[in-house]
Amino acid sequence: MKIEVARNAGFCFGVKRAVQLAFETARTSGGPVHTLGPIIHNPQVVAELERHGVRAIADARHIRRGTVIIRSHGVHPDVIESLRRRGLTVVDATCPFVTKAQRAAAALRGEGRQVVIVGEPRHPEVVALKGYAGRDSVIFNHQPVRIKNRIGVLSQTTVSEDDFVRALLAFGKQASDIHIFNTICNATQIRQRQTMELAQRSDLMVVVGGRDSANTARLAELCKRVGQPTRSVETEDELRTAWFRGVRKVGVTAGASTPAATVQRVVRRIRELTTGKTKAEGRRRRGQ
Ligand code: SF4
């Protein structure tokens, strides 16, 4: 059985940068270090950071001293302001592409437009974007929304091109003065395109990533849209031999928050399962 891994599977630029910053801060900071929410949607990386003394705290009000790392999704500007006011050190690991979207939201608001954000309302990046977009901003998530005649449109960075275009077509019927910022991140587009191409030449797709990772879930959704059987796993331990019966080629892809080492372990385990080797045999062969 052939195994092909998608070319851009795993950490994207922004996530890699945020994780590196977190480990670096753990090494260099004197006091306690926290991340505001898990640094990425990957429990294994979060656990590893915890072993290095970095704790994920959901609510900023519970952090009393030390350093707070802002994750790649960014946060509402009021949160950063309040952390600084309380004397905490802020390490901003917001992805530069997300910062670009935040600036676009502030610029559109500055033009006196109602800002429309295409994305998932509860996603932390969108919650943060809304802070820059102003009180009268609205979020478009497939369902119709009431908008003004003069609007500014941008999107959550991980929205697909198709969804963004569909949203723009809908707004075109309601508003006549529209300023558009394309804030979709290239890393997402490339990963999605390569995953769909790989799904087309595979009999089965295995999507690797945290269960809470929206972009990982999106990759699985796209594989299914191509019409391929798709399995989602967080780690190699969830793989089952039965999935690979009769499969000649398996494609492996991974969300932007999945470490390369996890992808490699999944590929190795698929090989072991499909060649009838046990995990222990595999480890012995690799001299571990
Ligand atoms: S997907 Fe794009 S915007 Fe999001 S963290 Fe990665 S590089 Fe940044």
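Reply: The buried residues of helix α5 pack against α3 (77-85), α4 (96-110), β6 (114-118), β7 (138-140) and β8 (150-155), where contact means heavy atoms within 4.5 Å. This is a predicted model, in which local features need pLDDT of at least 70 and side-chain atom pairs count only at pLDDT 80 or more, whereas totals for chains, interfaces and linings use all residues. Residues are numbered from 1 along each chain as its sequence is written, and side-chain values use heavy atoms, with hydrogens and water left out.

Helix α5 itself covers residues 124-133, and its buried residues are Glu 125, Val 126, Ala 128, Leu 129, Gly 131 and Ala 133. Here buried means under 20% relative accessible area, exposed means over 50%, and partly exposed lies in between, as found with a 1.4 Å probe and protein chains only. The helices (H or I, at least four residues) and strands (E, at least two) are DSSP runs, numbered from the N terminus.

Pro 124 is also found in helix α5, but Pro 124 counts as partly exposed because its relative accessibility is 25%. If its neighbours within four places in sequence are left aside, Pro 124 is in contact with Arg 71, His 73 and Gly 74. By way of contrast, Trp 243 is 119 residues from Pro 124 along the chain, and the C-alpha atoms of these two residues are separated by 34 Å. After the helix comes Gly 134, whose phi is positive, near 95 degrees.

Buried residues make up 50% of the 288 residues in the chain, and among contacts with a separation of 6 or more, 71% join residues 24 or more positions apart. Along its principal axes, the C-alpha trace spans about 65 × 55 × 25 Å.

Lys 249 is classed as buried because its relative accessible area is 13%. Its side chain makes a polar contact with the side chain of Glu 4 at 2.6 Å; such a contact is a pair of N or O atoms within 3.5 Å, where, within protein, one must be able to donate a hydrogen and the other to accept it, and residues adjacent in sequence count only if both atoms are side-chain atoms.
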